[in-house]
Amino acid sequence: MITHPQQVTPLPDPDEERRRIQTERLLAYRDDGPLVAVLKNRLGPGLPPVPATLAALLAIIALAVTGVLTEGPILLVPALVLVALVVPTAPRDHLGRFDWLTPPLLRGAEFLTIILLGLAEQTPKWLLFVLIYIVGYHTYDTVYRTRQSIWPPAWIFQAGLGWEVRLLVIGAGAAFGQLTWVAGLLTAYLVVLFSVESVTSWVRLDKASALDKASADQDLEASPEEAMEAATGDAEQG
């Protein structure tokens, strides 16, 4: 009888696995969208994420303090600054000591840009609040899922446009004096997308958990004879 040596699957290195999960989490928290997906592999090693994101945030604050964000094409500049400085950081592994600061800095820069452009264009404050709220909800939902090792589907980040496309859309709407309509449509789209996807995902998870629990309870209630019969039947089928 000729026996073939069994292939042993090597166990992943714990440190490499930890670094991989940390990178995936921080990249998910960034909420990059389709523009980053297209450019990421063409940007080389990328820029350090924290200095670049912090520089973009300070540049936006400087634009606000100097009072130049009034009307017209200048309102597109904050979005362009953020995209130009932060998109090139996407290829980095985000494993630096302070790289965990990148997502909150990026989200703060996004929210600040929305507020500044909305105030400049006299967009209804309730609309700005709802837009910021739904993006914040999406961020919280992502964080909560990943901390339980439940990863959101990759398509939701693309369909949600990512921070970069959202800001470019808002900046363009402000530059053309149509921010209220643009923000209204964008907010309605994101509310439907993020809320429906989140609810359906958690409902599916609850159903799967309930089925697993019911199966486990049934196994516990089975007598030893029934368990032996079930195991014998599975072995014969195999």
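**Figure 1. The salt bridge between D31 and R166.** D31 is buried, and R166 is buried as well; buried denotes under 20% relative accessible area, exposed over 50%, and partly exposed the range in between, with a 1.4 Å probe and protein chains only. The side chains of these two residues form a salt bridge with an N to O distance of 2.8 Å. The term salt bridge is applied to a side-chain nitrogen of Lys or Arg within 4 Å of a carboxyl oxygen of Asp or Glu. Distant parts of the chain are linked by this pair, since D31 occupies the loop between helix 1 (14-30) and helix 2 (34-39) while R166 belongs to helix 8, 135 residues apart. Helices (H or I, at least four residues) and strands (E, at least two) are DSSP runs numbered from the N terminus. Through salt bridges with shared partners, D31, R107, E110 and R166 are joined into one network. The model is predicted: local features require pLDDT of at least 70 and side-chain atom pairs count only at pLDDT 80 or more, whereas totals for chains, interfaces and linings use all residues. Residues are numbered from 1 along each chain as its sequence is written, and side-chain values use heavy atoms, with hydrogens and water left out.

**Figure 2. The salt bridge between R30 and D32.** The closest N and O atoms of R30 and D32 are 2.9 Å apart in this salt bridge. R30 is buried, its relative accessible area being 0%. D32 has a relative accessibility of 12% and therefore counts as buried. In total, the structure contains 6 salt bridges.

**Figure 3. The salt bridge between R145 and E197.** The side chains of R145 and E197 come together in a salt bridge, 2.7 Å from N to O. R145 is a residue of helix 6 and E197 of helix 9, so this pair ties together parts of the chain that lie 52 residues apart in sequence. R145 and E197 are both buried.

**Figure 4. Helix 6 and its surroundings.** Helix 6 (residues 125-147) comprises 23 residues and extends 33 Å from its first C-alpha to its last, close to the 33 Å expected at 1.5 Å a residue. The expected span is 1.5 Å times one less than the number of residues in the helix. Among the buried residues of helix 6 are L128, I132, V135, H138, D141 and R145. F129, also found in helix 6, is exposed, with a relative accessible area of 57%. The C-alpha atoms of F129 and T187 are 9.9 Å apart in space, although 58 residues separate the two in sequence. Just after helix 6, S149 adopts a positive phi of about 60°.

Figure 5. The 18 residues of helix 3 should span 26 Å at 1.5 Å a residue, which agrees with the 26 Å between its end C-alpha atoms. P49, V50, A52, T53, A56, L57, I60 and L63 are buried in this helix, and the buried residues of helix 3 pack against helix 4 and helix 5. I61 is located in helix 3 (residues 49-66) and is partly exposed, with a relative accessible area of 34%. Together with L54, L58 and V65, I61 makes a nonpolar surface patch of about 360 Å². Patches consist of residues with over 30% relative accessible area and no salt bridge; like charges are joined within 9 Å and nonpolar side chains (Val, Leu, Ile, Met, Phe, Trp, Tyr) within 5 Å. Accessible areas come from the Shrake-Rupley method with a 1.4 Å probe, and for residues only the protein chains shown count as cover. G67 follows helix 3 and has a positive phi, near 75°.

**Figure 6. The largest nonpolar core.** Of the 41 residues in this core, L82, I114, L131, W163, I170 and L190 touch the most other members. Helix 3, helix 4 (77-86), helix 5 (102-120), helix 6, helix 7 (154-159), helix 8 (162-175) and helix 9 (179-221) each contribute at least two residues to the core. Helix 5 gives the most, with 7 residues. A nonpolar core is a set of buried Ala, Val, Leu, Ile, Met, Phe, Trp, Tyr and Cys residues joined through side-chain atoms within 4.5 Å. Not counting residues up to four places away in sequence, L82 touches A56, I60, V87, L106, A109, E110, W163 and L167, where contact means heavy atoms within 4.5 Å.
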